[in-house]
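Subject: Structure for your review

Dear colleague,

Please find below the structure that I am handing over to you, with my findings set out after it. I would be grateful if you could read the two side by side.

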Amino acid sequence: MGLQRDLFAPEGQAAALPVPGMLLIEDAIGAAEERALEVRIDAAPLAPFRFGQWRGKRLTANYGSAYDYRRGRVTEAPPLPEWIDSLRARLAPLADRDPHDFGQALLIRYDPGAGIGWHRDRPQYGEVLGLSLSAPAVLRLRRRTEQGFERRSVDLPPRSLYLLSGEARALWEHSIAPMAATRRSVTLRTLR
Ligand SMILES: O=C(O)CCC(=O)C(=O)O
Ligand SMILES: [Fe+2]
């Protein structure tokens, strides 16, 4: 992870990471706000992520728009609550983005043993802005090459914000290994 360390910007500033199009902003929010967000997330109508008959261990709630895996299309979801709207208004400018472009919000709680497998986000969504809370995690990235997979790992400390745009969004898959401690995340996405 030495490469990543060297590329870190001063606190609160965006650092470009080894995967083009990925930014990491450490300490995007403070510890008190993190605790308040944890309470909000735990109070949200979280339900196990479902893919047909398969139930994931992670708990999720969608706002603004959701993806219906059975029908294979974007569906309606409740509007963004006020607290997510104001969070979005604070986070997007840190990544030099317009808050109103991020029409979708996804809350996730990963209890111990839960993670997320290799994937690229649905093509109906554009850029991805993720706030990582509660426990350190490692975002793994990979992309297929002629010789096999090219791989990267990025540390996501609690309270860090990451952006997946460009190549990091379009060409690379990402995953998070099953967590040892509970992690929460807020993912904001633009709608294509
Ligand atoms: O929890 C995260 O930060 C990532 C979630 C994710 O990759 C997804 O829901 O597509
Ligand atoms: Fe994703």
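Predicted model: local features only at pLDDT ≥ 70, side-chain atom pairs only at ≥ 80, totals over all residues.

R159 is found in the loop between β11 and β12. Its phi is positive, at about 80°, although R159 is not a glycine. As a general rule, most residues other than glycine have a negative phi.

S134 also calls for attention: this residue is not a glycine, yet its phi is positive, at about 80°. S134 sits in the loop between β9 and β10 (137-145). Is S134 buried or exposed? S134 counts as buried, because 20 C-beta neighbours fall inside 10 Å.

Which residues are found around ligand 1? They are L106, I108, I116, D121, G130, S132, H174, I176, S185 and T187. Sorted by class, this shell consists of 5 polar, 4 nonpolar and 1 charged residues. Four strands, namely β7 (104-110), β9 (125-133), β13 (173-176) and β14 (183-191), each contribute at least two residues to the shell.

The UniProt annotation "domain: Fe2OG dioxygenase", which comes from an unreviewed entry, covers residues 101-192. Within the model, the span 101-192 is 61% strand and 5% helix.

**Strand β9 and its partners**

β9 is mostly covered, with 8 of its 9 residues buried. β9 runs antiparallel to β14, and 7 bridges join the two strands. L131 stands opposite V186 of β14. β9 also runs antiparallel to β12 (residues 160-164), to which 5 bridges join it. Here L129 stands opposite L163 of β12.

**The open sheet of four strands**

A further group of 4 strands forms an open sheet in the order β8-β13-β10-β11, with antiparallel pairing. Which strands stand at the edges of the sheet? They are β8 (116-119) and β11 (148-156); each has a single partner strand, so one side of each is left without a neighbour in the sheet. On average, and with direction ignored, neighbouring strands of this sheet are turned by 20° against each other.

Taking the pairs in turn, β8 and β13 are antiparallel and share 2 bridges. H119 has H174 of β13 as its bridge partner, and H174 is also one of the residues around ligand 1. Next, β13 and β10 pair in the antiparallel sense over 4 bridges. Finally, β10 and β11 pair in the antiparallel sense over 9 bridges. β10 and β11 form a hairpin, with 2 residues between them. R140 stands opposite S153 of β11.

**L139 within the sheet**

L139 belongs to strand β10 and stands opposite I176 of β13. I176, in turn, is among the residues around ligand 1. L139 is buried, because 23 other C-beta atoms lie within 10 Å. Which residues does L139 contact, leaving aside its neighbours within four places in sequence? They are V154, L156, Y162, H174 and I176. L139 and L156 are 17 residues apart in sequence, and their C-alpha atoms are 6.7 Å apart in space.

**R169 in helix α4**

R169 is located in helix α4 (residues 166-170). With 20 C-beta neighbours inside 10 Å, R169 counts as buried. Leaving aside its neighbours within four places in sequence, R169 is in contact with G21, E127, V128 and L164. R169 and A114 are 55 residues apart in sequence, and the distance between them in space is 23 Å, C-alpha to C-alpha.

Yours sincerely

Notes:
Residues numbered from 1 in each chain as written. Chains lettered and ligands numbered in written order. Near = placed C-beta within 6 Å. Nonpolar A, V, L, I, M, F, W, Y, C, P; charged D, E, K, R; others polar. UniProt positions renumbered as here; feature names shortened; annotations may be inferred. Pairing = 2+ DSSP bridges. Axes fitted to C-alpha atoms, helices over the stretch in contact; angles between N-to-C directions. Buried ≥ 20, exposed ≤ 12 C-beta atoms within 10 Å, placed from the backbone. Contact = placed C-beta atoms within 7 Å.
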